[in-house]
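Biologist: I would like to learn how to read a few features of a model like this one. Could we take them one at a time, with the general idea ahead of the case?

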Amino acid sequence: MGTTMMKMLKLFLLLAFTEICAAENDINLTVMTVTSGSITVQWNGLTGAISYKITATPKNSLEPSVFAQFSSNTVMASVNSLSPSTAYSVLIEAMDTSSQVLSSAEIEETTAPEVPVIDKAYSKRSESVTVEFTEVSGATHYILRAESVDGDHFSETVVSSSPGTVLDLEPYTQYLLSVMSVDIWRRSQPSERAKAHTVVMAPKLNTSSPDNGTILVTWTPVEHAVLYTLCIIREGSSSRLKLNTTETTMTFDGLEAGTTYCIKGLAWDSEGRVGDDLTVCQIIRPSRPDVIHIQVTQGRTTGITIYWSLVQGADFYIAWSTSGQNCTSTGSSYCFIVPVECGQNNSVFVAAINGGGPSSPSQPVDYITYPCPPENIWVEEPTAGNGSVVWDEVPLVEYYMAFIKRDDGTEHSCNTTETYCPFSSMCGHTYLTTVFPFNGAGSSTHAQVRNYTTIPCCPEDVNVKLVSTETLKITWLVVKGAEQYETTAAQTNDVIRCNDTAPVCVLSDLKCNTVYSVTVTPCSDLRGCNRTCRPHTHETAPCAPEILNITQTSGHTYRVFFSNPNNPNTNYTITAIGRQDTHTCHATNNSCDLTQLPCGSVYEVMAVAKTTVGKSLPGFTHLLETGPCCPESLNVTQVTQAMTNVTWSPGRGARSYITSLTSSRGNAKCHTLDTHCLMGCITCSTNYTVTLEAISSSGHKSECKHHGFSSSACCPISVKLYRRAPQTLRVYWRVFGPLVLDHIVELYGTGANYTCKAARSKYCDILEETCGDVYTVVAAPVGVDGVKVNFCQPRLYSVPCPGSNAGMMISPGRRSVR
């Protein structure tokens, strides 16, 4: 390497080293804090610097620059005497010994708003202080600073404007308040501090109503309070009473019962400052209600109803008796106590209750309940034919009603104050005896019933009842003294009998349609059987007929043939029972007609014979099925130009259907299990005849009425789109047959949508607003009912701007749903 090259390399290294040192000796400047009149900055120390000069120059103001100079050991300093809310350019220069600038840095910053001035600071609540201050320009919000004098509390509260309130303070405490203005994040210096003293707390009032005219108010002593003021006002009134006291209790008397009073309490400190206030409301106990009436009610459950007078301010009432029972009522002037026992002599009290407590109880009102029934009732018969009902004496009774009822319905009664009632007794009868005691509340709700039977007599009330075709049931009243009964049924030489101790006998295995002689004989061990009892004749039920055949005589009429096994005076009833209805016919010979049988029904048909004695058993059933029903509604809806959808309501009894559409231009048919059918090959603008045939599961068919249907108008063909003039498009088409209908043309493009109506014409002109669009074209006829055919197919055309007069069809695709 030559000498010249070595010199160049040394020079290059020297320059590079100088640039590196210069880069390392650059000064960096950072803003630390900003106030209304100062900006504090920090920088890195620079090697070789003897001093630093900081200059703050207003950017948008003619005010002079402010500068300050600092020693080489200083890396943080402030520029003071600045104007508030002003943008400054802050320049720092590092100086050497010859006052040359080694390095410099510059930064922009805006000073905080002006320092607000506190006008007034005061406390109206024990936990807060309100500060009123002057608002300054450029401040977005303010910070209220509160410090306790003893240093135990420090807080800052953000407020948007004056006045502002500092919360969560201690009662009766002195605080030092200052305010700072803030612009985004720049705070001004705190204002001069003002003193404020929070007030004392409000007394926590506890109220009660010891009676119906007094409110007692108590509270715990409030710290630093020397006087208390209480103000009472009646609800709904403007008059009020204010009292001062140094005590912690106060009584307000002479108040209105059942009325709500509100009491506001506040405390004063030794310097005459009023503290918080607290209001509580108390309702006075209601006045004492008066019992108006007590009614003893009887029914399934016996009770008493207590009525009283309503009093003001009562939320509800409670009534109780000396028996330990009670009842309550809200808003009503009565309530029920259930159940109550018989034979009681008690008293009732009523009290009204509200939030203040209960009223004094009413004066007691006495009541008695109905008497209890006698525990023992019996019959004494010293001699035959002379008897007496006798019972035990019952307390709280004014008189007794005794009732003696004989089994033949004869009744006898006694109204007596004694404990017996005489009556005349006869043989062969049962007597039911009961006794009801009465007093001012009424009679007992129930009574014991005692039976008494005299010596046996022949039962005169024998009842022979036919319970089936071949069974007679014989019943009679119990004959006193009879231990067994013998019952016989005789017909010619045949005798059927039964022996039983019960007053009932069933004689079965008899012949139908036969007269029997029935005798009931009562027997006892001492007197034997009474053979003088008269017989009773009864006929058994007719024999059951059988259905032989059923034939249909007309659309809704069926003739039933049956057997006739009984005497000529027998009536026959034929019954057809379906799921939802029943039909009958009557005859005296061997056939009758069932009429008006509905379609689509299945019936069980049976025959029953009837005479004056009763009915026979029903004969064996015969199944009858009628033809299926036609649907109540049928609708034809055209889906496309060549396809329709036929729907109908279900026909009762029908399992399948055959639907047909016939016309001079062609026919269509559908056989289905459903209640709808899609039918194709339909010609447009054609009248069709619609027929429906309902078929049951067993093959019964019903021809249903015809419905007319006209297919919709035909869609146009050969639809074309071309340009006739610079801003005119023409849509042209052809139609089937003569042109007798109007058409509606719709063009849908990306730029605009057009619609026009052609009155019996094959074309339609549309004024185009913007050329060169792609259009979806739909041409559809309007029916005679004014409704447009909605299934005509769209076509897609691209129409260039003038220069070509033909539209190029892109696709005959389907119209999208719009």
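Biologist: Which residue is the bridge partner of Y558 in β51?

Modeller: In this predicted model, Y558 has L594 as its bridge partner in β51. The two strands, β48 and β51 (residues 591-594), run antiparallel and are joined by 4 bridges.

Biologist: Which strand pairs with β48 over 5 bridges?

Modeller: That is β47, residues 547-552, and the pairing is antiparallel. A hairpin of 5 residues leads from β47 to β48.

Biologist: Which residues of β48 are on its covered face, and which on the uncovered one?

Modeller: Start with the general idea. In β48 (residues 558-562), Y558, V560 and F562 make up the covered face. R559 and F561 make up the uncovered face.

Biologist: Now a whole sheet. What is the strand order in the open sheet of 3 strands?

Modeller: The order is β23-β24-β27, and the pairing is antiparallel. The edge strands are β23 (291-297) and β27 (334-337), each of which pairs on one side only. On average, neighbouring strands in this sheet are turned by 20 degrees against each other, ignoring direction.

Biologist: How many bridges join β23 to β24?

Modeller: There are 6 bridges between β23 and β24 (residues 303-308), and the two run antiparallel. Within this pairing, I294 stands opposite I306 of β24.

Biologist: Next, single residues. Why does M32 count as partly exposed?

Modeller: The class follows from relative accessibility, where partly exposed lies between the 20% limit for buried and the 50% limit for exposed. M32 has 38%, so M32 counts as partly exposed. M32 is found in strand β1, residues 29-34. Leaving out residues up to four places away in sequence, M32 touches T40, V41, Q42 and M76. From M32 to R795 there are 763 residues in sequence and 75 Å in space, C-alpha to C-alpha.

Biologist: Last, pockets. How much space lies in the largest pocket?

Modeller: The general idea is to roll a probe the size of a water molecule over the atoms, which shows where empty space is left. Here the largest pocket holds about 580 Å³ of space.

Biologist: Which residues lie nearest the centre of the largest pocket, and what classes make up its lining?

Modeller: Of the 25 lining residues, S685, S712, A713, C714 and L741 lie nearest the centre. By class, the lining has 14 nonpolar, 8 polar and 3 charged residues.

Definitions and conventions
Residues are numbered from 1 along each chain as its sequence is written. This is a predicted model: local features need pLDDT of at least 70, side-chain atom pairs count only at pLDDT 80 or more; totals for chains, interfaces and linings use all residues. Side-chain values use heavy atoms; hydrogens and water are left out. Buried means under 20% relative accessible area, exposed over 50%, partly exposed in between (1.4 Å probe, protein chains only). Two strands pair if DSSP finds at least two bridges between them. Axes are lines fitted to C-alpha atoms, for helices over the stretch in contact, and angles run from 0 to 180 degrees between N-to-C directions. On a 1 Å grid over the protein atoms alone, a cavity is a set of points where a 1.4 Å probe fits but cannot get out, and a pocket is an open set with protein on both sides within 12 Å along at least five of seven lines; lining residues have an atom within 4 Å of a point. Grid points are joined across faces, edges and corners, and a volume is the space filled by probe spheres set on the points. Ala, Val, Leu, Ile, Met, Phe, Trp, Tyr, Cys and Pro count as nonpolar, Asp, Glu, Lys and Arg as charged, and the others, Gly among them, as polar. Contact means heavy atoms within 4.5 Å.
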